[in-house]
Amino acid sequence: MRSFRFRQVAALVCLAVLLAFEIAEFRPAEFAGRWGALLTFGSMSPDEARLHGSSLAFDRRLGPFLAGVAAATEPRATVALPFASEAGSTETYVSDYVLAPRRIVDYSRLGEAGVAAARRDEALPAGAIEHVPFGRLIRRP
Amino acid sequence: MTLLRDAAILAAALAAASWAAGRGFGPSLSGLSRAERVAWSIALGLAIEITVFLAVVAAGARPGPLPMAAGLATALLASAFVKRSRPPGEERIRGLAAALLAAALAAALLFAIAATSEPMWSNDFLAIWGLKGKTIALSGALPSRLFHDPMTRWSHPEYPLFVPLALAASSSAVGSWNDQALALLYPAFQIILLAALYGATKRRTGPAPAALAALVAACFFGFFRAFGAGMADIPLAAFLVLFGSAMIDFLDAPSRAGGARLAISSLLCAATKQEGSLFVLLACAWSASFALRRCRPRIVPLLSLTAVPVALHEAVLTALRGRIADRDYDWTLVRAGAALVPRAAAVASSVLRESLRPEAIPLAALAGFLLLARPAGGARTLALLGPPIAAQLAVYGAVCVFSAFDPAWQAGFLPRLAATLFPLLLLAAGPRLAFVLGGADAAHPEAGESASLLLKSSPE
């Protein structure tokens, strides 16, 4: 009986440790931030929320640029971006997602694209330039 | 308030689909607790939404709120013709069980707030699940470039499509791609998981251990966090619990309803992640080895209800997109022989390093609990689900050796992959939870009774 009781208490302690470590993963300060974010983002349009969200926090100019390209192109368009990468990169993932369902290619596949776009400090193939926020684009024949 | 409007439409569509599923699949849900019926209804409701979406696409129409509403209305109408089966009455939850359950619900609410706090943002959502879902939803088709475009090889074209299709179907019901409102699907997946875990454990060991299992699962904040919204880990964890419970039920007392649940849950696991297919096959092999020794006639039904749905799913995907190589692994390394040793050492060292960190203390506590606690009534669910879980973890480690990248880097993903198995382990450990509660529920009428009869006389 004593052995049974010991096992029971020991098992309970193990479970309590497990639960305590789980609960320690909860960060009240982070949660408060999340609650504030819910109220803030909830009042925005989906596009505006995306531009201000965490996925574009690494480059706040990239969002308006991509939104500008999206507004200037058809959903069926293939868009060439100088920073798009076959190997994948954070900029590539975000660009492909924000511009979906458009197809994104790098400049080595310029021939497959109907539009080429670049940010201000990036080279753009020759053509009639249209300005978008933080960048420009050209339409290819 | 676009978010409120879109979230309300999404929730209403899912509720309608779930109601139709609960009613239409009622005969397959017989014998389950009320909580399990809720879990199954939501899971099947999502499957109905996806079916309606694919039917609209196949008909050449543009997916949107009207076709989706028409499809869901048809499903509701069809389900009304299915004879209603009333679930058995359940005793009212009170005392310790009620308190634990309330705490679990509070933890679930915290995840719901975190998940929907902003548009989904994790790398895997942007690069894989969200990209495919948005492309499918906004192009109203499954473009072949999702699978064959060299510019998006990093989006894992070989992955299954349940999550992208669930996102696409839900966004079509809403009428726009609102990736903050779509995050609401993740609390729904968590509800599936918790309700299935609570309901299945309650049937076997009583309400208090079941509520404790739900609380331990809901408090897994390292898994249920904003980062997890938009990925396939939480849906897979939920479907693994449905599968584990269906497997135990079927081995315990084979029935047409139990068989249907086993086949459907096998398909859901396979359709969500490749790891789901792997677990179904490992569990199938382990159960078949039991059946081989004790009850041979059960082998054929077991195989046809687990391995066949997985094979069918693979066949459908192959027909849709052809064979796609997994760029994460280089299987030609199999022929490398001794050259694999340093790679295996790198993986082992990475696993060891992780195991010696303070973060591994809860793992040790979990192992201690499993060793010390005795299952109530001799129920041996851990003997059925434990070995496939261990085998799955071993396979995760082993395949890192064949990584096309640095094997140690690949091994860094192991904790996240292993986390999807934790709720399933809680399901397996359910009969042991009654032990720590002072055997409060050991006298539960079903305690130990419904654990697999196949395993009753087997050593654990």
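Me: Why does H156(B) count as partly exposed?
Reply: In this predicted model, H156(B) has 18 C-beta neighbours inside 10 Å. A residue is buried at 20 or more and exposed at 12 or fewer, with partly exposed in between.

Me: Where is H156(B) found, and what can be said of its phi?
Reply: You will find H156(B) in the loop between α6 (145-148) and α7 (162-174) of chain B. Its phi is positive, about 50 degrees, although H156(B) is not a glycine. As background, most residues other than glycine have a negative phi.

Me: What makes F134(A) worth a look, going by its phi?
Reply: F134(A) is not a glycine, yet its phi is positive, at about 60 degrees. The residue sits in the loop between β4 (129-132) and β5 (135-139) of chain A.

Me: Is F134(A) buried, exposed or partly exposed, and how do you know?
Reply: F134(A) has 18 C-beta neighbours inside 10 Å. Buried would take 20 or more, and exposed 12 or fewer. F134(A) is therefore partly exposed.

Me: What kind of peptide bond joins A100(A) and P101(A), and how do you know?
Reply: The bond is cis, with omega at about 10 degrees. Most peptide bonds are trans. P101(A) has its place in the loop between α5 (90-99) and β2 (103-105) of chain A.

Me: Why is P235(B) called buried?
Reply: P235(B) has 30 other C-beta atoms within 10 Å. The label buried needs 20 or more, so P235(B) qualifies. This proline lies in helix α10 (residues 233-252) of chain B.

Me: Which residues does P235(B) touch, leaving aside residues up to four places away in sequence?
Reply: They are F162(B), V163(B), F189(B) and T272(B). V163(B) is 72 residues from P235(B) in sequence, while the two C-alpha atoms are 7.9 Å apart in space.

Me: How do you know how α12(B) and α13(B) are oriented to each other?
Reply: Helix α12 (residues 274-294) and helix α13 (residues 299-321) of chain B have axes that cross at roughly 170 degrees and come within 9 Å. Angles over 145 degrees count as roughly antiparallel. With that crossing angle, α12(B) and α13(B) are therefore roughly antiparallel.

Me: Which residues make the contact between α12(B) and α13(B), and how do they divide by class?
Reply: From α12(B), the contributors include V280(B), L281(B), A288(B) and L292(B). From α13(B), they include I299(B), L302(B), L303(B) and V310(B). By class, the contact has 12 nonpolar, 3 polar and no charged residues.

Me: How do you know whether chain A is spread out or a compact globule?
Reply: Let's start with its make-up. Chain A has 5 helices and 5 strands, in the order α-α-α-α-β-α-β-β-β-β from the N terminus on. The globule rule gives 14 Å for 141 residues, whereas chain A has a radius of gyration of 24 Å, so chain A is more spread out than a compact globule. Its C-alpha atoms fill a box of roughly 85 × 35 × 25 Å along the principal axes. The domain assignment gives domain 1 (1-43) and domain 2 (54-139), and 44 Å separate the centres of these two domains.

Me: What does the radius of gyration of chain B say against that of a compact globule?
Reply: A compact globule of 460 residues would have a radius of gyration near 23 Å, and chain B has 22 Å, so the two agree. The C-alpha trace of chain B spans about 65 × 55 × 45 Å along its principal axes. Its secondary structure comes to 19 helices and 0 strands.

Me: How many of the residues count as buried in chain A and in chain B?
Reply: In chain A, 34% of the 141 residues count as buried. In chain B, 55% of the 460 residues do. Turning to contacts with a separation of 6 or more, residues 24 or more positions apart account for 54% of them in chain A and 82% in chain B.

Me: What makes up the side of chain B that touches chain A?
Reply: The contact takes 48 residues from chain B and 44 residues from chain A. On the chain B side, the elements giving two or more residues are α1 (2-24), α4 (95-115), α5 (123-139), α15 (361-372) and α19 (422-436). Helix α5(B) gives the most, with 9 residues. By class, this side of chain B divides into 29 nonpolar, 13 polar and 6 charged residues.

Definitions and conventions:
Residues are numbered from 1 along each chain as its sequence is written. Chains are lettered from A and ligands numbered from 1 in the order in which they are written. This is a predicted model: local features need pLDDT of at least 70, side-chain atom pairs count only at pLDDT 80 or more; totals for chains, interfaces and linings use all residues. Two residues are in contact if their C-beta atoms, placed from the backbone, lie within 7 Å. Helices (H or I, at least four residues) and strands (E, at least two) are DSSP runs, numbered from the N terminus. Ala, Val, Leu, Ile, Met, Phe, Trp, Tyr, Cys and Pro count as nonpolar, Asp, Glu, Lys and Arg as charged, and the others, Gly among them, as polar. The radius of gyration is taken over C-alpha atoms; the globule rule is 2.2 Å times the number of residues to the power 0.38. Domain bounds come from an automatic or database domain assignment. Axes are lines fitted to C-alpha atoms, for helices over the stretch in contact, and angles run from 0 to 180 degrees between N-to-C directions. Angles under 35 degrees count as roughly parallel, over 145 as roughly antiparallel, 65 to 115 as roughly perpendicular and the rest as oblique.
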